[in-house]
Structure formats: structure tokens, C-alpha cells
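Please open the structure in your viewer and keep the selection tool at hand. The tour goes from one selection to the next and says what is there.

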Amino acid sequence: MLNHIRPALVMLTGLTLLTGLAYPLAITGIAEAIFPWQAQGSLVEKGGAVLGSTLIGQNFSGSGYFHPRPSATTGPDPKDAGKTVAAPYAADNSMGSNLGPTAKALVDRVKDDITKLQAENPGIPVPGDLVTTSASGLDPDISPAAADFQVPRIARTRGLSQPDVRAIVAAHTTPRWLGVFGESRVNVLAVNLALDAAGK
Amino acid sequence: MTVNGWVQIAVLAAIVAALTRPLGGYLMRVASGERLVLTPALGWLERGLYRVAGVDPAQEQSWLGYALAMLVFKAGGFALLYAILRLQSVLPLNPAGQGPLSADLAFNTAISFLTNTNWQSYGGETTMSHLSQMLGLTAQNFLSAATGIAVALAVVRGFARRSAATIGNFWADLTRITLYVLLPVCVVGALVLVWQGVPQTLLASVDATTMEGAKQTISLGPVASQEAIKMFGTNGGGFFNTNSAHPFENPNALTNMLQIIAIFALGGALTNTFGRMVRDERQGWAIFGAMALLFMAGVTVLYWSEGHGNPALLSLGMDPTLGNMEGKEVRFGIAQSALFSTVTTDASCGAVNAMIESFLPLGGRVALVNIMLGEIIFGGVGSGLYGFLLFAIVAVFVAGLMVGRTPEYLGKKIEAREVKLTMLAILCLPLVMLGFTALAVVLPGPAGAISTAGPHGFTEALYAYVSAGGNNGSAFAGLPANTPFWNTTLGITMIVGRFFVMIPALAIAGALAAKKSVPASSGTFPTHGPLFVGLVIGVILIIGGLTFFPALALGPIAEHLAITAGTLY
């Protein structure tokens, strides 16, 4: 047993420094040299101010914007630091709802959301992603169906025609990778920036 | 289920199969100590480590010497990681000012990363300093994975050798696997991930002002370097709380597929290394085939289950087209989520790109069953292969009983000692998994912590101990497990799940290495054909089924009946 102590200490120290310090620091250095934008979080800036990250969803509630999916993230309660309150798209505390399929809390939440959405756009089945929380609570995307569902409200608010809004959505829809992998999706931040750029 | 979804699954299976032979050959050359293409670049480091450590790589160890070296190394690793986690507030590289971990959380986390489980009782971005993530967790991700592969190589040497007293040198295996396998694939993998959008920076976070004027703090860090080893080493411990579902860990379908391939690559390749080392590659392909069939069965059920919407929500007027999207990300959809979840639970990885707790009962059951079967469907790097070989021993033993012959496997007589050690390893797992689950659901304190009522709550507790015992690390993440009871009992479960399989496997290897080889005769049961594949799958399913069916009936099966009847909790 004792004859293993020296190799154990040397290997543990040597390999820990190599894999735990030299490797991540080398990757950091190379990454910041060749992919600086991605390495810093793929940030979107406007006039020098950081608006967010293209990869991280943010909350939109104005009726002239596309809304993201519901988010289950929480933040500290301003009234009581020991408690947490709902804080959608808190990008420093990623979290899913972790509600099971038979949870009453899940069904009640979805029922409320469906009622609100159907009032806004009656007669059309509500796309599933628009009433379910994502795994990270930070999903930057919605499905094309979820974007399409919101087009009438946005056109109405902004005084644009529905085909104009649909064209903006189409221009910001990312298809499946190589036409096969993943799902096609609309980045909410990108499409909302495009809406503002289109005026009105 | 769609044709497109099946194409995605088929392409990934084909890529893993195509990588098996080249990677398997490379791993064999690493195991044999040969000169490699990377030796000119890294050989000085290898020789330097041996010199300072006083190790002669050519001097091999008995199974006991190998096991003791591994255990001393693990004990040192535990002490180091525990110390880093407890002291992170006073150590450098803590830009977010994280406080120290509590004693039970540091114990749980240190065991978790030491045993390649990567169960996370904590949320990464809200708990860990950058130093803890790098020097603590990333380093142990490498070392626990290298240990798993090293032990697998030693076990295979036991099968391959005749009348031998030794099964390899732990220090040489550990060093060579780290330097020549894990480090190079991770350097390439991490840079590809950064290219696709995974951050790699020493900044803690950046503050944004959103388009609607709200403040958003976006956590950052050295994510890509940890992400790469998390996958290749089947560790599964994420930088962020929500693991590979977080867009910074897994930004798109390409990274998702690379992660899936990385999880299976080394586990699949080791079956080929095994075949080459016993001088009959067909033996490796038989194991690969059995694993692949079990994988396909799992992914089919999971994909089918999640492709349907939750019946309790469809009746409210939700469009069923997208499937069960609660706890899933739009960019992955159902097919990539089902694939990832099957692979991560088959392979003892435990990374998640969707929240398993929100799966429909049958989908969640697939994840649970994959782990219950012993993490041998490709399995953790190394541990999947030696775990599978234990079931292969039981299979040839059963076949021997049926025809009344002394069982043989690869020319080695399987005798009482090997069978007893095999059963010890196989039975220790359900003992801790089911024993602690029973304790947790009857003790008022821990039972009160379970977040859900009804059968789902039972599954939450069961999944935690099964995941810990299987060294998987995924969770029904609603369980608030960061309490002294859960942290301690889960820590013990992880230790048993790792070392009570590893050490018997090494002991079996030692016993087999010492044996002579029996020439194959007409009475020898061939272990490279479909009959063997069928028999070993049967053994795996019967042992798993007999052990866990009652618990499954109380959990996911009861919940499935409840959801069909429209019962909510």
C-alpha cells in the first residue's frame, strides 16, 4: 500500500494540473484568439450596450413582439432573500419546471396559458411549445408554428400586414441542420430585432 | 414518430458503428504501450511523470496490486476535490464570489465526480467557482474516465492472458489513456464546441439590458473545456444547472449530435479493443451487437412515448404535432431529445438535454430501466465493458448448466470463484438502489422532501438511487436532494456502485489470467454468434426484470395507468 503513495501523489498532482489547469486555460487562450465572439457568449450589442445573447432567450411581454416559451427559472424574492419567486429567463439560474406529466400544477398552468392564447387567436389549436416550459428555461427559439400563431396579434399592434410579418418570420427561420437534424426554429430575439428594424 | 426522426437515429447509429473499429484499434495500441502518433508530442510528459513518480511502466501488477494502486489514487483524488470545494471562497479564480460548499454537499460532489457519476445536488452557475469547475471537476472528469478505461483494459488482459500473474500497470494505463486518448479528443472537441457557440472565458457573467429594458445577467465561464470531457468521459456533470439542455452547453443540432457520438464512441470502441485483445474480433462484435439491440429497443419506446403529447394537456386544446414538449428544447425537438436521453442513460453518462422528470411515464421508464440493467448498453467508458463481461460470465454459466458442462468463456473455464464474484458485483447494486429508496420513502424527513405526490414521487426517489448506483448522474431533477440525508446516502450508493463492481471485476480478471487456456472443442458454446447474443440479452433482462419489476410497478407503471385514467396529483 505504502509503495503506491508516491506514484498516487505525483500522478494526481501532475495530471490534475495538466487536465484541470493547463488544458482549460489553453482552450480559453485559443478560443479567445480564433472564436472571440462565441467564447464570450455570442452577445448582441446595439450602440455599445449589450442587448443579450443570440443563444439565450429573453422575456418579451409587449403585444408588438413575438413572445418566447414560458420559462420556469426563478430569482430571489426582493421581499425575502430566503425565498424565490418566478423570474422568467433568468440566465444566471437555468432551470426546468420538473413537473411530472400527472402534476396538477402543470395542467393548471397550461390551462391558463391556453385560455389566454385562444382569446388572442381563437379557433386554432395552440402549438405545444408555446404553452410548455423548456428544459433550460432559457430556450431562445420557438417553433415556426408558434411564431405563425402570434402573427395576427403582432400585425394588429404594429399596423403591418400579416404577409409582411410572415415574411420577416420566414427570413429568420433556421431550417433543420442539413435539412435533416434537429427541428426548424425561429430565434425570438433575432425576429424581434428585425421587427423593430422594419419600423412601426 | 416521423421518417425524418428515424433517419436522424439511423445516421447516428451508423456513425458510432463506423468509429468502433478504428478507435478500438487505437485503444489497443494505447493499452499495449506501443509508440503512437502522438508520442513525439507528448512522450516527454509521459516519461517525466513516470520518472518523478518512480514508476517503471513495464513492471506489471497483480490484480490486487492494480486495485490497491487505483484505490490509493482515488483516496487522494477525493481529499483534493473535497478540499477545493470546501475552500473555494478563499482560493483564486472565483469571480462570482461563490461561498464554500457545505460538508455534506462537498462529500456528495467529490464522490460523485470521483466515481464518474456526476450526480449534481447543486446548480453549477449558482454554486461553483471557476477554479472548482476546472481544477476540481474538469480534472476529475478526466481522471475518473481514465480510471474506468484502465480497469476495463486490465480486465480484458485477464481474459486474454494464459497462466499469467499480472494484469497490467495501473499508473501506465492511467497516464497513457489521459495523455493519448482523452486529452487529444477533448482539445479538438472543445474547440469545435466553441466554434458552434459554447463559451470559454474566465469572465463570470455579463449584464445585458433586454429589448424591453429588463436586466438580464448571463452566466459564462470555461464551459467548452468541461463540456468536451463531460461527453467523451461519459461523466455527465454540466457546467450549468440544466446541463446539455442549456443553450450555452449545447447550442444546436450539430453539437447535440457530436455530444451523442462522443458519449458512445469510447464505450463502443472498447468492445472492439476487447475482440482484438482476445484475438477474435467477432467476440467484440457479438458484445457490440447485444448492446446495439438493447439500445434500439430503448430509443424506439422512448421516441414513441414522447412523440405523443401528454393526454392531460391535449384535452385542453393543445396541438399534438410537436409531442410532449414540457422540459424539452425547440432546437432538438422529440427525436434528438429521445436519442440523447436514451444514449445518456445507456452509457452511464447522465448528461441531459431534456428534463427526464417531465417525460411521459413510459419514456421516463426507459431511462430508468436503461440504468437498472447495469449501465452495460455501451455503458460508462470502461465500466460498460467490464460490467457487460460480468453478464457474459453469467450467460455462459447458465448455458453450461443447461447442457451439464463446465462453462467456458474465451477458452477459460468459469468456476465457482468467478461466478461468486460476478454475483457479488451484480447483487450489490440493487441492494443499495432499492434499500435506500425504501428507507427514503418511509422516513418522514426525506419522504417529505420529495416534490411530487403519487407514483411520480416514488419514481423521483427511486430514480435518484438507481442513477447514483449506476454511476449515471441524471435525475428526476425536481427532487431537492441537497440535504444531509440525500447527499450522504446517495454518496454511499455511488461508492458501492463504482467500487463493488470494479474490484470484483479485477479479482475475476486476476483469477482468469492465471488459468490455462482450454482448446475449443465441438462441445464448446460459441460466444461470437446470435445464440450467445440472445442468451446474454435474456440474462440481462431476466436479472434486471426480476430485481426491479416490483419497484417499476409502484412507480412509472402505476403512473402510466393513472395518466390513462385521467388522474392528477
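Leu193(A) sits in helix H6 of chain A, residues 188-197, and helices here are DSSP runs of H or I with at least four residues, strands being runs of E with at least two, both numbered from the N terminus. Its C-alpha atom is separated by 21 Å from that of Asp129(A), 64 residues apart along the chain.

This is a predicted model, in which local features need pLDDT of at least 70 and side-chain atom pairs count only at pLDDT 80 or more, while totals for chains, interfaces and linings use all residues. Residues are numbered from 1 along each chain as its sequence is written, with chains lettered from A and ligands numbered from 1 in the order in which they are written.

Next, select both chains: 89 residues of chain A are in contact with 107 residues of chain B, contact meaning that the C-beta atoms of two residues, placed from the backbone, lie within 7 Å. On the side of chain A that touches chain B, H1(A) gives the largest share, 21 residues.

Finally, move to chain B and select residues 205-209 and 215-219, the antiparallel strands S1 and S2, which 5 bridges join; strands pair if DSSP finds at least two bridges between them. Val206(B) stands opposite Ile218(B) in S2(B).
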